[in-house]
Amino acid sequence: QVRPPMTSSLTTAYMPGRFSPPTRGHIQTMLWLLQQFDRLVIGIGSCYEVGTVRHPLLASIREKMVLASLHAAGVALRRLHVVHLADFPDWDTWWTHTTSIPGIADVTHFVTGNEADILAVMRAKGLELP
């Protein structure tokens with residue numbers, strides 16, 4: 001007997017960002033998202049850059065800071081999935097990478113406040129925004 005694939009009614013938000021360092025605003029946004037959605041995928045951007053003014057911390061350190069902050073706020077870490085995102089020389093390659101990372105197959109909502117680098121480009125390319 002073949003069973004049909006199980007469908008999930010869970011909602012999952014995907015929030016990419018550099019979080020370099022994660023700020024109170026980042027953490028508050030993640031906490032708000034976890035009130036709205038069942039799960040949260042956090043994309044730690046610029047994961048291979050470190051030691052510059054724009055990227056002073058390793059991605060693994062930024063990840064630990066985010067997870068420690070959310071854990072301290074009482075979040076069940078099983079509701080989170082963290083992915084590391086590389087930088088690319090052009091937006092289209094970055095977007096393809098960012099939206100095809102393993103572990104984000106169940107994402108129902110893409111969340112960003114990055115107007116200049118993400119939202120404006122999406123509008124210019126005619127990509128659908130909610």
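Trainee: In β2, which residue is the bridge partner of Gly17?

Mentor: This is a predicted model, in which local features need pLDDT of at least 70, side-chain atom pairs count only at pLDDT 80 or more, and totals for chains, interfaces and linings use all residues. Residues are numbered from 1 along each chain as its sequence is written, and side-chain values use heavy atoms, without hydrogens and water. Strands β1 and β2 (residues 39-44) run parallel, joined by six bridges; strands are DSSP E runs of at least two residues, helices H or I runs of at least four, numbered from the N terminus, and two strands pair if DSSP finds at least two bridges between them. Within β2, Gly17 is bridged to Ile44.

Trainee: Why is strand β1 (residues 12-17) described as largely enclosed by the rest of the structure?

Mentor: Buried means under 20% relative accessible area, exposed over 50%, and partly exposed in between (1.4 Å probe, protein chains only). Strand β1 is largely enclosed because the buried residues number five of the six.

Trainee: Which geometry does the ring pair of Trp95 and Phe110 have?

Mentor: Rings of Phe, Tyr and Trp (its six-membered ring) pair if their centres lie within 6.5 Å; planes under 30 degrees apart are stacked, over 60 edge-to-face, and the rest tilted. For Trp95 and Phe110 the centres are 5.2 Å apart and the planes stand at 70 degrees, so the pair is edge-to-face.

Trainee: In β4, which residue is the bridge partner of Tyr14?

Mentor: Strands β1 and β4 pair in the parallel sense over two bridges. In β4, Tyr14 has as its bridge partner Phe110.
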